[in-house]
Amino acid sequence: MNEDERFHLKIKYGDVGKYVILPGDPGRVPKIAEYLDDAVQTAQNREYNIYTGTLLGEKVSVCSTGIGGPSAAIAVEELIDSGATTFIRVGTSGGIDLRVFGGDLIIAEAAIRAEGTSYEYLPQGYPALADFDVTSALVKAAKEITENEKGKNYHVGVVHAKDSFYGEVNPDGSAVGENIKARWDSYVKCGCLASEMECAAIYAVGTVRSVFPLKIRCGGVLTALWNAERSKKNMADTITEDTTSGIKCAVRAMELLIEKDQAEYREMMARMHGDIRD
């Protein structure tokens, strides 16, 4: 092992920016990188494809996480060790709440921990929460790019994070299917917006690695491809495979965070210079 090189991502400290967009699909990374300035591929290994460019003069990276919590947690761990501090997951999901239509954006302010990875980081009962500043930036970005109509709207709330895709799609194929269905029904009753596989793990890593003075910020925006509950009830839906709006939301939110960080830095420097002059 090269002690200077991260074991899975094959990057070194400084190869990535402080700001990182996290899709699951390695094939989606070049598409997102097109929104950056002067983006080039930094590394590629296993499910991890990494490009780095700039936004508003700041180094920004795009790193795929693969499918599920374990690989997502590895990516965030090694990205933090390489200098990253702000993460936006941009992914796909299946809608649950009947207000959600395929094509809508879901801003995940928290995730139900129905997977296993987060329990390696957070104790039982501790929530997997997104950072408030990241969530606020995503909401502001979503307001700019969405419309108040089915398939083009946005929602903010809790999502369901799981380990088994087919356990949820086909619970009768599992020996514990009745338990899966009972839990799912409880999420429906609680107004859970959508189901996905990575937010809980990413938020959990961000929570425990955000130890003073290091501040780790994580958030997520998901495109609902369809609504599972609407399908079950034979209700109309707007099924899609287009993730462009989610990508635009993530990139715009990152711009807003960079602008905020730059403004705070300028203000801090002005105060320091003012104190010196006084």
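This is a predicted model: local features need pLDDT of at least 70, side-chain atom pairs count only at pLDDT 80 or more; totals for chains, interfaces and linings use all residues.
Residues are numbered from 1 along each chain as its sequence is written, and side-chain values use heavy atoms, with hydrogens and water left out.

How confident is the predictor in the protein chain? The average pLDDT, which is the predictor's confidence in each residue from 0 to 100, is 96 here, and 97% of the residues score at least 70. Confidence is lowest in H4, with a mean of 91, and highest in strand S1, residues 19–22, at 99.

Turning to the overall build, the protein chain holds eight helices and 10 strands, where helices (H or I, at least four residues) and strands (E, at least two) are DSSP runs numbered from the N terminus. The radius of gyration, taken over C-alpha atoms, is compared with a globule rule of 2.2 Å times the number of residues to the power 0.38; the chain's value is 19 Å, close to the 19 Å given by the rule for 278 residues, so the chain is as compact as a globular protein of that length. Of those 278 residues, 51% are buried, meaning under 20% relative accessible area, with exposed meaning over 50% and partly exposed in between, for a 1.4 Å probe and protein chains only.

Let us now look at helix H5, residues 177–189, whose 13 residues should span 18 Å at 1.5 Å a residue, and whose end C-alpha atoms are 19 Å apart, which agrees; the expected span is 1.5 Å times one less than the number of residues. Which residues of H5 are buried? They are Gly-177, Ile-180, Trp-184 and Tyr-187, and because they cover an arc of only 85° around the axis, they lie on the same side of H5, the arc being that of the directions from the helix axis to the C-beta atoms. On the face turned away from that buried side, H5 carries the exposed residues Glu-178 and Lys-189. After H5 comes Gly-191, with a positive phi near 80°.
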